[in-house]
Amino acid sequence: MEIKCQKQNIFWWFSYSTRYLVYMLNLLRSLILVSLLTYKSTPFSAQVYINKINDLSQLSNLHILKNEMNNKLFIYSLDGLNISNGINSKHYRSTTHNLVGNILQGPFVQDEQDRIWFTTYRALHCYNDSLDNFDVYRLKDENGKLIGHNYKIIDDINSDSILLKTNNNLAIFNIEQEKLAFTTNLDILNYDYFYAKFINKKLILLAGNNHEFAYHEIYVDSFHQSTHNIAGSAFLIDDNMLLVGTSTGDLLRYKLGTWNILDRKEYGIGLIQSISKNQNNYFLSGYNHSILLDENFDIIWTLDVNDFTQLGSESFQYSSIDWRDSLIWIGSEGSGVHAVNLKSPLIGSLSLSSLPKSKIRPTKILEYQDNRFLILSYDNPLYYINEDGTLINSWSNHGLSTHKVAGDIWNNTFVYANGGELCFLNPETDSITTISSPYERVTSIVNFRDTLILSLSQNFLAQLTNKNGQQLFDTLVPNSNCQELNYFFHGHDERLYISCNETEIIVYNKLQTTIEQRLPISGGILGYAFIDTTVLLTNYNGLYRISTNSLKYEQVIDKGKLLLSQIYGILIDEKGHWWLSGNNGILKYNPNTNKAHQFKMKDGLQGLEYNRMSYLKDSKGRFWFGGVNGINVFDPLKVKLSDKEAPIDFYNYKINDEDSREFGVANYVHQFDLYHYNNTITFEFVGIDYTGPEHVNLKYYMEGHDPDWVELDENNGVARYANLPYGEYTFHMLASNSDEVWSKTGKSVKVIVHPPFWATWWFRTIVGLGILAFGYYIVRSYYKRKLERRDLILRQQELKIEKQQAIEYERNRIASEMHDDLGSGLTTIKYLSEHAIKASKNEKENKNIKRIADHANKLVNNMSEIIWAMNSRYDTASDLTGYIRHYASEFLEEHDKTITFSSKGISHKIEISGEKRRNIFLVTKEILHNFIKYAQVDEMQINVKLEDNNLSIIFLEVGNHSFDKETAQEKGNGLFNMTKRMTDIGGAITQTTTTEGLRTTLHYNLKGRT
């Protein structure tokens, strides 16, 4: 037994060489772990940032659990349950919800269905987040009596069982079957801290309080108990080893069975309330400390409540670690819950523990040699420190008492001005030498390539060079017409860039000793850097870029316009990123994407306000930025932004501006089915990032409604859509984490606004079909009536045709009978008369008989005309034209007159009724008779033409002594009768006298006049 103890003690007490080797291994492990948890190098101290979870109204806040399903915090208190997303919290009490009792005890347990189990003093509860309600379980003891109080969850011992105590009873509750699986009576009523674990089919229960801890081995039918008078909590490492935290802050390691203390670690943090482990790291929680340990129980990280007055509490009530997110949750008595991120700060602070922190306000930082630094400060002018921040020496006299002291390193000395005198301080030997300058007062000094550039009260610059052991002063930039030339810097191109009255920048060429350019850049000079042929200049108005080739400039404006502020210093890392200090923290600018990221207090900044010219890139590549509260020192290549997405908590929605649960709990709603009378919807959501929830930003987009994403500069999103037109939409929500990195995925919910019934497809279909049916009825009725009218017209036309045919038949019959009967009779009379004339000797008889013969002949001719007019076979324009030509030719030849006849466009297909033909012929006959009777010319031209259904018959009496129409009108009725005949049939007659002779024209429109 003694040998075993000695072997165990070797873990802590071994030989010096072995101990040194283990120490180095432990240090290596610690550095690896620290690099995973937080960027922190040995010389620098972490500026711990504590975020407070707001809106917690309870007096005390104890156990905390982050639900892995929806990332919400479940927080115990003595006055009910809090559920928080980091911005908003919801409170559950027995007076407002179905919670039995307000005093919560023990830890939370999350089962495989993502339900949260917890206990109040009076009952076991199960919270279902998808329903936002509780199931309550009241248990009974072994006698069947209802247990009414002192419920407390100890732990979840497997995936389907919870271990809890009720008074002195230890119970296993099966969460799948929702009933007790095992219960036994133990003396555990007065214990506060519990730990349980199943090993080899037995349950190991560790219970502790401020005086002792007890060890229990529990079987189904028996148990073993041993009590030890050491206060605190316990943790089982494996089957043989046990850790116990004491009331004095010691950590003991026990061997099970023998109960010998194998080793002890003294931390002096007071009572250790809980111990937890993840892989090789341990986390101890006490009333006023939280400690993170490595596998050898050496401290990696410590949080002391006394160092953080913002907690507003004298002690921690409870703290636990979220191993996945490297967050420490602190429940503090009376001041809510706080979160500390082990991965922050991103940017370290120089530990100046040996210096008066309240007096360190750097105005310039210089690297001297061997990783030692000179710091100029407003109050205590000059500090000489090691890289770890320990003080080597300081100077506040010898002309260094003014806060306007300025200087630089030259020939391994610190050179500064005391009035018009230049002082050279050797920090190693603490000796000062001086030389007199020809100037009244030197206000600023810059070393460039072993040449000192001085700004002078006489408002010009000078340079000091060391040639052949002699210090030589040369005047620069005379007659600049500036009242102030204090701010300047030396370019790599042998130019000086000088602020003139803070209204312009003078570019002075030292080689040519002339002013090359005056750039209208206002705001002075606060910082500068060089990139190839580009000069970067910072001032009170922002950042400017000057080309050394063309001396043209432009202001650099990033997409978020963060650069439009006072910028004091600028440094460039190996990846080409620009780091800038100003009055709004530290900015990291990527010139390729034109985006700037702002580092905030949570990232470890000494403050948001930095100082002019107080920046440095040291020989190890680290960046130094000095501000009003100290100095930040960090390796820019090790500053990694978090790429962890910020989940969306869609915690509430409103329908028509009223809170609603119509569609269930907001986070679990996938689709909203709205109608035209409730189509105003409001979404309320936040992004979850507990490391800095106030730095989370949101954006949203209603697909189908919004033209683009709407960005919000806050982490409390409210999106309201009033009177959404009916249709289908998708509402997208997206968040950036506290490092301003946007999530690739977010949360989306579908919104369907159903139309009113009169706008639905089925109603429109019915209406459309009704309209089509009605239209069909109208069209059918229209065509039916149209067919009936057409039938009526056809019948009328048939009757008319029949009547016309009957008339034509009768006309033809009469014409035939007249031709056969009257014609033959008149012809007989004509021949008999001619024969009687030849036989008669009496002249008087011959004369009478001849008169009879003439009348008979005339009647034959008239009857021929009547028969021609009555016969329907001749009802065409072609027959009319032929008949006129035949009659005119015979009639004019009989009177020895010349006739010229022509026709155009005449067709036998164009019909003209007998009445019209006869009237036109009679008018023609009258014209010919007047021509023979009155005209004193021998030629007539007759032209018949048909154009566009217009029939024209033109009679031209060729000669100067043609028929006089005026004389004819006075002497007879011929012209009157001709006009009447043409008018009766719808035609017209015109007579005009031309140079050729009298022209008589008959007009008749054949369209519709057959």
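Q: In which helix is K786 found?
A: The model is a predicted one. K786 belongs to a helix that covers residues 761–839. That element is helix 3.

Q: Is K786 buried, partly exposed or exposed?
A: The relative accessible area of K786 is 41%. Buried would need a value under 20%, and exposed one over 50%. K786 is therefore partly exposed.

Q: Which residues form a positive surface patch?
A: K786, found in helix 3, is one of the residues of this patch. The patch is formed by R785, K786, R789 and R790.

Q: Which residues form a negative surface patch?
A: One of them is E711, found in strand 63 (residues 710–712). At 54% relative accessibility, E711 passes the 50% cut-off and so counts as exposed. The patch is formed by D708, E711, D713 and E714.

Q: What is the area of the nonpolar surface patch that includes F757?
A: F757 lies in the loop between strand 66 (747–754) and helix 3. With 47% relative accessibility, F757 counts as partly exposed. Together with W758, W761, W762 and I766, F757 makes a patch of about 660 Å².

Q: What distance separates the C-alpha atoms of V340 and Y690?
A: V340 lies in strand 29 (residues 336–341) and is buried, with a relative accessible area of 0%. V340 and Y690 are 350 residues apart along the chain. Their C-alpha atoms are separated by 8.8 Å.

Q: What span should the 18 residues of helix 5 have, at 1.5 Å a residue?
A: Helix 5 takes in residues 877–894. The expected span is 1.5 Å times one less than the number of residues.

Q: Which residues of helix 5 are buried?
A: Buried means under 20% relative accessible area. The residues of helix 5 in this class are A877, L880, T881, Y883, I884, Y887, A888, S889, F891 and L892.

Q: Which residue with a positive phi follows helix 5?
A: The phi of the residue in question is near 55°. That residue is D896.

Q: What is the phi of N949?
A: N949 lies in the loop between strand 68 (939–947) and strand 69 (950–958). With a relative accessible area of 36%, N949 is partly exposed. N949 is a residue other than glycine, yet its phi is positive, near 65°.

Technical notes. Residues are numbered from 1 along each chain as its sequence is written. This is a predicted model: local features need pLDDT of at least 70, side-chain atom pairs count only at pLDDT 80 or more; totals for chains, interfaces and linings use all residues. Side-chain values use heavy atoms; hydrogens and water are left out. Helices (H or I, at least four residues) and strands (E, at least two) are DSSP runs, numbered from the N terminus. Buried means under 20% relative accessible area, exposed over 50%, partly exposed in between (1.4 Å probe, protein chains only). Patches are made of residues with over 30% relative accessible area and no salt bridge: like charges are joined within 9 Å, nonpolar side chains (Val, Leu, Ile, Met, Phe, Trp, Tyr) within 5 Å. Accessible areas come from the Shrake-Rupley method with a 1.4 Å probe; for residues, only the protein chains shown count as cover. A salt bridge is a side-chain nitrogen of Lys or Arg within 4 Å of a carboxyl oxygen of Asp or Glu. Lys and Arg count as positive and Asp and Glu as negative; His and the chain ends are not counted. The place of a charge is taken as NZ of Lys, CZ of Arg, CG of Asp or CD of Glu.
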